[in-house]
Amino acid sequence: MATDSVFTGEVAKFYETYMVPLIFEPYAPVMVRQVRSPEISEVLEIAAGTGVLTRALADRLHERASIVATDLNQAMLDQAAAIGTARPVRWRQADAMRLPFADASFDVVLCQFGAMFFPDKVIAFAEARRVLRPGGQFVFSTWDSIAENEFADTVTTALGEMFPADPPRFLARTPHGYHEPAAITADLVAAGFGTPPRISTVTARSRAHSPHIPAIAYCHGTPLRDEIEARGDLDAATAVAEQALAQQFGSGAVDGKIQAHIVTVVNR
């Protein structure tokens, strides 16, 4: 759906406050470790969101590496720029399927949990390849299936029971809808990458002080919010999600499995 990639200002605030520490922060260091080479001088991040990976790059890459961070949604970049980074980063609104950069401009292109939102993965991957220098790396992550991500699965099931005639399926459809290694590999080949990617499956833990946190995160901090509001009351749905999470993980601090694929491919 076209609205799956729209993150408004209100969603961006909830996303940064709740979603980032819940599921995105654990993977940012993993992504940075793929590209910590002293030869890197130009880095592009696409679908940067509110900048969780950008901040890790600014902290951990050597100072000679310049960083350009882009996102389709200006509201997300505004939130990222307001938080700031340890050193200067160039923020730019850009569509991953039409990158406004010259051919062979970057040593590395990264994308943390954005590829699932691209309307045409092959076109977006071809754009990443176009702006990469020969020998450059394209590194991106995608969530594994929703069955392997416990909080998201619990919330989706609970909302399906609340709205049985028209279940909100954003989480299963988009964030967790692009996880088959064979499909990812085929899309990269179709985009012109001549070597097979390295795909690593990384399991981590999603933790929060209470089930209220993941309920708010998923229901208010993602485009699932729009699906809920089109069907009923957002606060009531959030309460249903919180109750389901409490039943599954307890009413105090909660801890659930998250799992993702880290994909690395070289531009030969």
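Me: What should I know about the model and its numbering before I start?
Reply: Residues are numbered from 1 along each chain as its sequence is written, and because this is a predicted model, local features need pLDDT of at least 70, side-chain atom pairs count only at pLDDT 80 or more, and totals for chains, interfaces and linings use all residues. Side-chain values use heavy atoms, with hydrogens and water left out.

Me: How are two packed helices described?
Reply: Two packed helices are described by the angle between their axes and the distance between the axes. The axes are lines fitted to C-alpha atoms, for helices over the stretch in contact, and the angles run from 0 to 180 degrees between N-to-C directions. Helices (H or I, at least four residues) and strands (E, at least two) are DSSP runs, numbered from the N terminus. In this structure, helix H6 (residues 150-162) packs against helix H11 (residues 234-249) at an angle of about 125°, and their axes are 9 Å apart. That makes H6 oblique to H11, where angles under 35 degrees count as roughly parallel, over 145 as roughly antiparallel, 65 to 115 as roughly perpendicular and the rest as oblique.

Me: In which hand does H6 pass H11, and which residues meet?
Reply: The crossing of H6 and H11 is right-handed; a crossing is left-handed if the near helix is turned anticlockwise from the far one by less than a right angle, and right-handed if clockwise. Contact means heavy atoms within 4.5 Å, and on the H6 side the residues that meet H11 include Phe151, Val155 and Leu159, while on the H11 side Val240, Ala244 and Leu245 are among them. The residues of this contact of H6 with H11 divide into 12 nonpolar, two polar and one charged. In this division Ala, Val, Leu, Ile, Met, Phe, Trp, Tyr, Cys and Pro count as nonpolar, Asp, Glu, Lys and Arg as charged, and the others, Gly among them, as polar.

Me: At what angle do H5 and H8 pack?
Reply: Helix H5 (residues 121-131) and helix H8 (residues 181-190) pack at about 55°, with their axes 8 Å apart. That makes H5 oblique to H8, and H5 passes H8 in a right-handed crossing. Here Lys121, Val122 and Phe125 in H5 meet Asp187, Leu188 and Ala190 in H8, and the residues of the contact divide into four nonpolar, no polar and two charged.

Me: Where do the axes of H9 and H10 come within 6 Å, and at what angle do they cross?
Reply: Helix H9 (residues 212-220) and helix H10 (residues 224-231) have axes that come within 6 Å and cross at roughly 80°, and H9 and H10 are therefore roughly perpendicular to each other. Tyr218, Cys219 and His220 of H9 make the contact with Leu224, Arg225 and Ile228 of H10.

Me: How is a pair of aromatic rings described?
Reply: A pair of aromatic rings is described by the distance of the centres and the angle of the planes. Rings of Phe, Tyr and Trp (its six-membered ring) pair if their centres lie within 6.5 Å, and planes under 30 degrees apart count as stacked, over 60 as edge-to-face and the rest as tilted. A search of the whole structure finds 14 aromatic pairs. In one of them the rings of Phe14 and Tyr18 have centres 5.9 Å apart and planes at 20°, so the pair is stacked. Both residues, Phe14 and Tyr18, lie in helix H1 (residues 9-24), four residues apart, about one turn of the helix. Phe138 and Phe140 form a tilted pair, 4.8 Å centre to centre with 35° between the planes, and both Phe138 and Phe140 are buried, meaning under 20% relative accessible area, whereas exposed is over 50% and partly exposed is in between (1.4 Å probe, protein chains only).

Me: Are Ala104 and Phe113 buried or partly exposed?
Reply: Ala104 counts as partly exposed at 35% relative accessibility, whereas Phe113 is buried, with a relative accessible area of 5%. Phe113 also belongs to one aromatic cluster with Tyr15, Phe24, Tyr27 and Trp143.
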